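Me: Can you walk me through how some helices pack in this protein? I'd like to go step by step.
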Amino acid sequence: MNLAATFLPNTQIAPHQIQVFLLQIGLLLLLATVLGRLAVKLNLSAVVGELLAGVVLGPSILGHAAPGIQHWLFPAQTEQAHLLDVVGQVGVLLLVGITGAHLDLKSLRRRGATAVKVSLAGLLVPLALGIGVAFLLPATMMAGSTTRPTFAMFFGVAMCVSAIPVIAKTLADLNLTHRDTGQLILTAGMVDDAVGWFLLSVVSAMAVGGVHGWKVTLSVGLLIAFVVLAALAGRPLVRRAFRLAGRSSDSGASVVTAVLVIIAGASITQSLGLEAVFGAFVAGVLVGAPGAGEPARLASLRTSVMWVFAPIFLATAGLRMDLTALANPSVASAAVVVLAIAIIGKFAGAYIGARSSRLTRREGLALGAGMNARGVVEVVVALVGLRLGVISSATYTAIVLVAIITSLMAPPLLRRAMAGVDANAEERLREAAQSKWLEPAKQAQGKD
């Protein structure tokens, strides 16, 4: 028996497909980088520009202005689309893993009750509001193969998520990471992210296996078992792996270890019939746990993910947006409803949680503004819904619009809410300590 023929079937990618794929990757990365940097110069999140790169090259703009070029560059061929999707899938798993690595477990424990109240209210209010409104939305917002309960659960999850990468970047840009409110926003956002990935996995299982009580219960049980095993068995294994990698003078060994851990986590949850991004997130938490991966040795991984893989993923997500669908009055109206629910639900939930914890009105508004940024997490959720056949392309466009608009809204609203909140003595000491850590980085940037 020819083992080579068994494992490597005699199928080759056509040279033209490779050429088109390379052009796709090159153009998407180039435009995403340019528009992302432009967005940063305009005091916006880079996510906005990177998403718009796909919108420009997709059916919304290039497809309308030069349909022949757009169809040649992005042909409607399954094999060609899969090449681009594979790169995007690797990018999103690494991005989610890096996000999980930033989860500060000590901060979660320290801020305890207040963070729990804010995060739970910020989750439950938009979740309930999203589920309720989903039953009233027109059937055109659903994919033909899904059921209304599955669509409603997915829609609720899409309305309740936050985005730690965008939140962290916004707080850093506004110099609010040392403030109590800023740290509370980060902590509550971390809880929202973790629960959001958990809920997304449950909804994904519902979409694949149907809405059956025992199947949903089994999915929840598997998720809990995975988290427990990751904490009890995975954590010491990951620590040991990083200790071995740390013996090398080259940081490449640690980078490879981190990537393997993230891919292993994603593979395990995928094999359990759950969403791969949840496994990547939990694995990322293990990578970032004390005693595991050292941030300095993983800096090159973060750089490659944030500057190469993430922009390509976000640009491919923008490709799937068709803003021309908003010309349909019913679709435009539904998009406005989706945006309003997302903003009002998250604002109201975070504000209620803040006020129940006896925080001031301005602090409550700041928490609502900060946690309202959806960014890349909303895009991932939307892509999962589209891939699973839960939402239509019109709903996908509306949800990605939520990611863009809320990322645009967060900085000015947060700046205005915090303008009337004076820094206390502890916050000023924290700022002074933080500036000492940041000074070497600033000096290095000045030399570049």
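Me: At roughly what angle do the axes of H2 and helix H3 cross?

Reply: Quick note first: this is a predicted model, where local features need pLDDT of at least 70, side-chain atom pairs count only at pLDDT 80 or more, and totals for chains, interfaces and linings use all residues. Residues are numbered from 1 along each chain as its sequence is written, and side-chain values use heavy atoms, with hydrogens and water left out. Helices (H or I, at least four residues) are DSSP runs numbered from the N terminus, and axes are lines fitted to C-alpha atoms over the stretch in contact, with angles from 0 to 180 degrees between N-to-C directions. The axes of H2 and H3 (residues 46–57) come within 7 Å, and they cross at roughly 140°.

Me: What do we call the way H2 and H3 lie to each other?

Reply: Angles under 35 degrees count as roughly parallel, over 145 as roughly antiparallel, 65 to 115 as roughly perpendicular and the rest as oblique. The crossing angle here is roughly 140°, so H2 and H3 are oblique.

Me: Is the crossing of H3 and H14 left-handed or right-handed?

Reply: The axes of H3 and H14 come within 6 Å and cross at roughly 45°, which makes this pair oblique, too. A crossing is left-handed if the near helix is turned anticlockwise from the far one by less than a right angle, and right-handed if clockwise. For H3 and H14, the crossing is right-handed.

Me: How many charged residues does the contact of H3 with H14 have?

Reply: Contact means heavy atoms within 4.5 Å. On the H3 side we find Glu 50 and Val 47, among others, and on the H14 side Pro 311 and Leu 314 are included. Ala, Val, Leu, Ile, Met, Phe, Trp, Tyr, Cys and Pro count as nonpolar, Asp, Glu, Lys and Arg as charged, and the others, Gly among them, as polar. The contact has 10 nonpolar residues, two polar ones and, for charged, one.

Me: How many charged residues does the contact of H15 with H18 have?

Reply: The axes of helix H15 (residues 329–356) and helix H18 (residues 393–418) come within 9 Å and cross at roughly 45°. H15 passes H18 in a right-handed crossing. Residues in this contact include Phe 347 of H15 and Met 409 of H18. By class there are 13 nonpolar, one polar and, for charged, no residues.

Technical notes. Helices (H or I, at least four residues) and strands (E, at least two) are DSSP runs, numbered from the N terminus.
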